[in-house]
Amino acid sequence: MNTIEMKHLTKDYGNQRGIFDVTFSVKKGEVMGFLGPNGAGKTTTIRHLLGFSTPNHGTCTINGMDCFHKAKDIHRSLGYLPGEIAFMDDMTGKQFLKFAADLKGMKNKGRMQELMDMFSLDPGGRIKKMSKGMKQKIGIVCAFMDSPDLYILDEPTSGLDPLMQNQFVELILEEKKRGATVLMSSHMFEEVERTCDRTAIIREGRLVAVEDMGTLGKSKQKVFMVTLGSKAEAEAFSREMNGVRQTGENRVTVGVRGELSEFIRCLGKYRVLNLAEQKQTLEDLFLHFYGGDSHE
Ligand SMILES: Nc1ncnc2c1ncn2[C@@H]1O[C@H](COP(=O)(O)OP(=O)(O)OP(=O)(O)O)[C@@H](O)[C@H]1O
């Protein structure tokens, strides 16, 4: 039995908004990414898994239990991090975490302290005065502190700085080793690439792919921004090199798939002032995933 199972899940908000016919599953022990641009339908899907919303059509189950009718039972063994965290603002972080730990019936608070140390979180102050990042850290500690077997995380690194994003990746890898099952939404390919076994990709409410990270990694191309010694050199390099996307003055953006040897050989003939790899956007991923990249 799959841990999470969604079949033809549909919630139509009208005007083409919502989710339509979403079908995918997450196996026990699997870390699954859920990628999509803003407004694609990630939160709507997750809200159905939490039983906060009922679908117009289709079903979703967790460990064989209907997500709406068995929500209470499901929540008991679930680590959930919402996209927008609504805390009791007047409490201090410490009071809130104690309150949440009591609700979960937690006796041992050792893991809570470990997580606070891991994320350098001082939960002493009032939540309403905390930054977005600090609130996010409290949400993470709260979701992970009783080491559940299943996590559903909605954009877990939003508001975290790069150091803390890295720390979060380490935490997921640790939980994966322990055998936990994870579904995490994101609009950043990189964090999904580093943590997930597979990823589901949603766009405009419809699932466009469910892919193994290995397959996605292979189809992915690296995009480099090269600054050459002069405009003339940039033009000559553009004529010689395949995959050039745009040229501006002495700068060239080039997409390279697979090995880099040919690219480096070609670059070696010119004066290179700077070379930087561009982060892959989701749009890039969609384009070359569907073979629609017209720049090659
Ligand atoms: N309660 C609602 N009533 C009407 N429309 C809604 C409701 N909730 C979401 N939508 C719409 O459904 C679409 C999907 O929104 P959703 O929040 O699921 O996207 P998302 O992928 O989580 O985006 P983001 O990355 O911006 O959080 C959007 O067009 C949104 O405006």
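Me: What should I know about the numbering and the model?
Reply: Residues are numbered from 1 along each chain as its sequence is written. The model is predicted: local features need pLDDT of at least 70, side-chain atom pairs count only at pLDDT 80 or more, and totals for chains, interfaces and linings use all residues.

Me: In which sense do β1 and β2 pair, and over how many bridges?
Reply: Strands of a sheet pair through backbone hydrogen bonds, either parallel or antiparallel. Here β1 (residues 4–14) and β2 pair in the antiparallel sense over 7 bridges; two strands pair if DSSP finds at least two bridges between them. Strands (E, at least two residues) and helices (H or I, at least four) are DSSP runs, numbered from the N terminus. Met 6 has Phe 24 in β2 as its bridge partner, and Asp 12 stands opposite Gly 18. The two strands form a hairpin with 2 residues between them, where Asn 15 has a positive phi of about 55 degrees.

Me: What is the order of the strands in the open sheet?
Reply: The order is β2-β1-β4-β5, with antiparallel pairing. β2 and β5 (65–66) stand at the edges with a single partner strand each, so one side of each lacks a neighbour in the sheet.

Me: Which residues are closest to the ligand?
Reply: Tyr 13, Asn 38, Lys 42, Thr 43 and Thr 44 are the closest of the 13 residues around the ligand. A residue is near a molecule if its C-beta atom, placed from the backbone, lies within 6 Å of it. Helix α1 (42–49) gives the most to this shell, with 3 residues.
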